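Please keep the sequence and the 3D view at hand.

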Amino acid sequence: DIRTPMNALLGYSELIKRELTDPKLLDYQEKMEQSGNLLLSIINNVLDMARIESGKVELDEDYVKIRDIYQGIYKIFQAEAEKKCIHLKMEYDVKHEHVICDETKNKEIFLNLISNAVKYTASGGRVTIRITELDCDRKDYVRIRTQVIDTGIGMSEEFLPSLFEAFARERNTTDGKIAGTGLGMPIIKKYVDMMGGTIEVQTEQGKGTEFIIRLPLRIQPENHRIEKIAELEGLKALVVDDDFNTCDSVTKMLVKVGMRSEWTLSGKEAVLRARQSMEMGDAFHAYIIDWRLPDMNGIEVTRQIR
């Protein structure tokens, strides 16, 4: 209920941008969009932390290819790093790529870490993502060590004990007006603990930071792997359901068979997304719509999409 109207506002903001030609109005729209994205990030972090503290968060494990997780995140930050003239590099050395894990939570961990590394590193700096396979003493498991190393502003020794506390932020980030909620690191720590992993940090103020995460992951037997379907690869699908877990699981399944998949919790937003995609020349090829949605039923959504 909190996220849906915020997503709709950002969607309409994107539509407004396409109609604007005045540089001043475009500047206003860009600032509005940036503020909206920041607010959505804060909403997501607050909701995630609330769910964690209420004990309602569980691992949703499924088959995934490790390389896909990291490559997707790397591509997200490539353009931002280039814009800031930061040298972003990924080193990958994993033999057992097919594992069982909670893909969404893994992505959130590394999205937060890499986002912080790029955000707190000045122009001309370096961010290195190093993924290495380690032996594991548990049968049919592998340990994956991920290092996120930056040459950014670093942290003081005094701040480190409170790094994983909710809403804690280092003084040099707040003084420099760098946007953030202080919830990213506590969420990361909770997820790493849930997965039976460890997280370490080595840092020096003014010189940079290195986060080291080690996660035990169960190796997926070859006969249980989901392969991509050539006929579906690259096609675009939209999942519409008011249950987040349903959206998440169906979206992951579609991605595994090769489709580009998006989801929304709202029928009205589904119609908006469908029209936006058509206008951009990248229409959805398939829709998976819940029969009974809070704002519109499945038939109404289908009629408006057509």
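## About the model

This is a predicted model, in which local features need pLDDT of at least 70 and side-chain atom pairs count only at pLDDT 80 or more, while totals for chains, interfaces and linings use all residues. Residues are numbered from 1 along each chain as its sequence is written, and side-chain values use heavy atoms, with hydrogens and water left out.

## Aromatic pairs

How many aromatic pairs does the structure hold? There are three. Rings of Phe, Tyr and Trp (its six-membered ring) count as a pair if their centres lie within 6.5 Å; planes under 30 degrees apart are stacked, over 60 edge-to-face, and the rest tilted. Tyr70 and Phe110 make a tilted pair, with 5.1 Å from centre to centre and 40° between the planes. This pair joins distant parts of the chain, since Tyr70 belongs to helix α3 (residues 66–83) and Phe110 to helix α4 (residues 103–119), 40 residues apart. Helices here are DSSP runs (H or I) of at least four residues and strands are runs (E) of at least two, numbered from the N terminus.

Tyr70 and Phe110 are both buried. That word means under 20% relative accessible area, with exposed over 50% and partly exposed in between (1.4 Å probe, protein chains only). Phe284 and Tyr287 also form a tilted pair, because their ring centres are 5.6 Å apart and their planes stand at 55°. Phe284 has 8% relative accessibility, so it counts as buried, whereas Tyr287, at 27%, counts as partly exposed.

## Charges over rings

The charged end of Arg138 sits over the ring of Tyr141, 3.9 Å from the centre. For such a contact, NZ of Lys or CZ of Arg must be within 6 Å of the ring centre and within 35 degrees of the ring normal.

## A cavity and a pocket

Rolling a probe the size of a water molecule over the atoms shows where empty space is left. On a 1 Å grid over the protein atoms alone, a cavity is a set of points where a 1.4 Å probe fits but cannot get out; a pocket is an open set with protein on both sides within 12 Å along at least five of seven lines, and lining residues have an atom within 4 Å of a point. Grid points are joined across faces, edges and corners, and a volume is the space filled by probe spheres set on the points. The structure holds one cavity of 30 Å³ or more, and the largest cavity contains about 60 Å³ of space. Tyr70 and Phe110 return here, lining the largest cavity along with Ile66, Ile69, Asn106, Ile144, Thr146, Ile213, Leu215 and Leu217. At least two lining residues come from each of α3, α4, β5 (141–150) and β7 (208–219). Eight of the lining residues are nonpolar, two are polar and none is charged; Ala, Val, Leu, Ile, Met, Phe, Trp, Tyr, Cys and Pro count as nonpolar, Asp, Glu, Lys and Arg as charged, and the others, Gly among them, as polar.

The second largest pocket has a volume of about 480 Å³. It is lined by 17 residues, of which Gly11, Glu14, Glu262, Arg273 and Gln276 are the closest to its centre. Helices α1 (3–19), α2 (23–53) and α8 (267–279) each give two or more residues to this lining, which divides into five nonpolar, five polar and seven charged.

Helix α4 has 17 residues and reaches 24 Å from its first C-alpha to its last, close to the 24 Å expected at 1.5 Å a residue. The expected span is 1.5 Å times one less than the number of residues. Of the 17 residues in α4, 12 are buried, including Asn106, Phe110 and Leu113. In α1, the buried residues include Thr4, Met6 and Gly11.

Cys85 has a positive phi near 60° without being a glycine; Cys85 sits in the loop between α3 and β2 (87–93) and is exposed, with a relative accessible area of 53%. Asp140, also not a glycine, has a positive phi of about 65° and is found in the loop between β4 (126–134) and β5.
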